[in-house]
Amino acid sequence: MPLIIITGLPTSGKTTRARQLHAYLSSRIASSSSSTSQSSQPNNTQPSYRLHLISDTTLSIPRTVYDLSPSQLPAHVRSANASEKDARAAAYAAVKRVLSPRDIVILDGLNYIKGWRYQLFCEAKNVRTGSCVLQIGARGERARGVNEARLERRRRRLEGDGGADGDGDMRGRGGVADGGNDEQEGGNNGHQGKVSQEGATQEQTDDDDDEPYEPANWDNLVFRYEEPNPMTRWDSPLFTLIWDDDETQTRAVFDQIWDAIAGEGRKAVKPNQ
Ligand code: ADP
Ligand code: MG
């Protein structure tokens, strides 16, 4: 399933998990290719993968493309629906450019429209590979709190009296985390998206990942969110991580994803399925 579609509410922790998954897959790829090269069997057919992380940030897509209220848009931005369509076209092209049975693509984004996930599923089949969905679950109020903290930080930055501490929404801001979860922005378990190992490319940049959504835009995106349904072909297999999932549970889910991509769980994709 080399296309991994991340989905979830705005500010629910998608990018955090996408980076952890990127780090995890990088090391699995590195260790599977080193065990292949050490193998005494000359025609060991263990595949070696390349890894790509694509997100709104890597594509320079601003949060405003999702904003349906024209009054919120800067004059030069096209009507929201049109700009969101353009954004999807850019994401589609970026996925299409690299996806293959040997290229694992993590698509970090809202991916909240089921028709869009269907389109991605079809694209994966077109290139004779598969897709899966990783849903990031967070209570709405928690995700909203993260956005509010980001709005507050931006407001302080614009006013010129803040920003010096700006390495985490969760740090010392109260009201967002229920305590004890402040490690994430710095990279949970040390898994920030900075891993650069053989077989993996890191296309992610830190810029703009922590830009807030305007409050009405955030509410609207939650309202429009179309939950993945594992009974449909395009949303399966469906994996889930929630905010409170610890390192052990996260690793268990990542192991299942690796198994679906590269292990026993890997299915040959039939073109007419
Ligand atoms: P999204 O990509 O969905 O907008 P992010 O991954 O950028 O969300 O996360 C938003 C904020 O929430 C970040 O500051 C991050 O540190 C924090 N965060 C995300 N997931 C968790 C988690 N599982 N536990 C604690 N904090 C988290
Ligand atoms: Mg994000």
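**Figure 1. Strand S1 is mostly covered in this predicted model.** S1 spans residues 3–8, and six of its six residues are buried. In a regular strand the side chains alternate between the two faces of the sheet. On one side of S1 lie Leu-3, Ile-5 and Thr-7, all buried.

**Figure 2. S1 pairs with strands S3 and S4.** Strand S3 (residues 103–108) runs parallel to S1 and is joined to S1 by three bridges. Strand S4 (residues 131–137) also runs parallel to S1, with six bridges between the two. Ile-5 has a bridge partner in each of these strands: Leu-107 in S3 and Val-133 in S4.

**Figure 3. Five strands form an open sheet.** The strand order is S2-S3-S1-S4-S5, and the pairing is parallel. Strand S2 (50–55) and strand S5 (238–242) are the edge strands, each pairing on one side only. On average, neighbouring strands of the sheet are turned by 20° against each other, direction ignored.

**Figure 4. Helix H5 has buried residues on one face.** In H5 (residues 215–224), the buried residues are Asn-217, Trp-218 and Leu-221. Seen down the helix axis, these buried residues fall within an arc of 100°, so they line one face of H5. Helix H4 (140–159) is included in what covers them.

**Figure 5. The elements shown above in the context of the protein.** The secondary structure consists of six helices and five strands. Along the sequence they follow the pattern β-α-β-α-β-α-β-α-α-β-α. Of the 273 residues, 36% count as buried. Among contacts with a separation of 6 or more, 76% are between residues 24 or more positions apart.

How values were computed:
Residues are numbered from 1 along each chain as its sequence is written. Chains are lettered from A and ligands numbered from 1 in the order in which they are written. This is a predicted model: local features need pLDDT of at least 70, side-chain atom pairs count only at pLDDT 80 or more; totals for chains, interfaces and linings use all residues. A residue is buried if 20 or more other C-beta atoms lie within 10 Å of its own, exposed if 12 or fewer, and partly exposed in between; C-beta atoms are placed from the backbone. Helices (H or I, at least four residues) and strands (E, at least two) are DSSP runs, numbered from the N terminus. Two strands pair if DSSP finds at least two bridges between them. The arc is that of the directions from the helix axis to the C-beta atoms. Two residues are in contact if their C-beta atoms, placed from the backbone, lie within 7 Å. Axes are lines fitted to C-alpha atoms, for helices over the stretch in contact, and angles run from 0 to 180 degrees between N-to-C directions.
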